[in-house]
Amino acid sequence: MEIGIVGAGRVGCSIGKYLKERGAGVAGYFSKSRESVESAATFTGTTAFPALGELVKASDIIFIATPDDVIRSVWESIKEESIQGKIVCHFSGSLSSVVFSGREQAGVSGCSAHPMYAFSSKYTSYEQLNQVLFTMEGDKRALAEVSSVLEQAGIRCCVIDSAKKERYHAAASMVSNMMIGLYQMGIDMLQDCGFEKDMAQLLVEPLVRGNIRNLLNTSPEQALTGPIERNDVDTVVRHLAVLTEEEQAVYKNLAHKLTEIAMRKNPETDYGPIMDII
């Protein structure tokens, strides 16, 4: 099975490099940017295709590794080529294989395979892909072929209901991007308290590292500490009194979830007063 990749950014480069190094047949890349496609081809030891049609012709499986908002237009261009019997797959977390409209009539099998991972570099992120789970959905044949390619390269795959993709991606954003927003909110509050940014970051670093380590190594119940877990109503009240309206909204929503966790951890404790407050 020869794989052609449309898109030569961080995701396309990383997946192509990883698969190529593990013996998969990666034909090469096509992208609107000639510079980026030549860079990706050089990095992976594959071909820089000058036209989409040439990549499609050389490929059995076509990976679309572009931003979400152009996947549909890329697919429409691919449909203009001779694609009978081929497989198309994109890597979007929020879109499903439904984006490949008309694939049945074109004789194509389609799927999506989303890596639950933040690609920070075109040239080093591939090194961690054997630790990443790919979430897949789509047509039976595409799922079988693409998962076989990934699993033979040491990547674990799981399947999700196509209708749940948007909620799935929202969950991924919460534990990834939105954690950064929460971190920044805390840093901003410490700066309001008079700390320089560098000092604020030094203050919270042990907390962040320790909590993430404990959470990943144990469970939310075991990792949970703080005033809510201790049922410290007075402290929660004092916290809310010094927060802005925006900060209160974030605090209360997260506190509600933390209280649910605390109730599972300490079923004998009455968290009613805290629930009333938040």
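This is a predicted model: local features need pLDDT of at least 70, side-chain atom pairs count only at pLDDT 80 or more; totals for chains, interfaces and linings use all residues.
Select Val11, Ala65, Thr66, Pro67 and Asp68. Of the 36 residues that line the second largest pocket, these lie nearest its centre. Now colour by element. Helix 1 (10-21), helix 4 (68-78), strand 6 (109-115) and helix 6 each give two or more residues to this lining. Helix 4 has the largest share, six residues. By class, the lining divides into 19 nonpolar, 14 polar and three charged residues.

Next, go to the largest pocket, with about 2,400 Å³ of space. Select Met179, Leu182, Asn211, Leu254 and Leu258, the closest to its centre among 43 lining residues. Helix 6, helix 7, helix 8, helix 9 (220-223) and helix 11 (245-265) each supply two or more residues of the lining. The largest share, eleven residues, is from helix 7. Here the classes are 32 nonpolar, eight polar and three charged.

Now turn to the surface. Select Met174, Val175, Met178, Met179, Tyr183, Leu207, Val208, Ile212, Leu215 and Leu216. Together they form a nonpolar patch with about 960 Å² of accessible area. Helix 6 (165-175), helix 7 (177-192) and helix 8 (197-217) each bring at least two residues to the patch. Helix 8 gives the largest share, five residues.

Last stop: Leu207, in helix 8. Is Leu207 buried or exposed? Its relative accessible area is 55%. The cut-off for exposed is over 50%, so Leu207 counts as exposed.

Methods
Residues are numbered from 1 along each chain as its sequence is written. Side-chain values use heavy atoms; hydrogens and water are left out. Patches are made of residues with over 30% relative accessible area and no salt bridge: like charges are joined within 9 Å, nonpolar side chains (Val, Leu, Ile, Met, Phe, Trp, Tyr) within 5 Å. Accessible areas come from the Shrake-Rupley method with a 1.4 Å probe; for residues, only the protein chains shown count as cover. A salt bridge is a side-chain nitrogen of Lys or Arg within 4 Å of a carboxyl oxygen of Asp or Glu. Helices (H or I, at least four residues) and strands (E, at least two) are DSSP runs, numbered from the N terminus. Buried means under 20% relative accessible area, exposed over 50%, partly exposed in between (1.4 Å probe, protein chains only). On a 1 Å grid over the protein atoms alone, a cavity is a set of points where a 1.4 Å probe fits but cannot get out, and a pocket is an open set with protein on both sides within 12 Å along at least five of seven lines; lining residues have an atom within 4 Å of a point. Grid points are joined across faces, edges and corners, and a volume is the space filled by probe spheres set on the points. Ala, Val, Leu, Ile, Met, Phe, Trp, Tyr, Cys and Pro count as nonpolar, Asp, Glu, Lys and Arg as charged, and the others, Gly among them, as polar.
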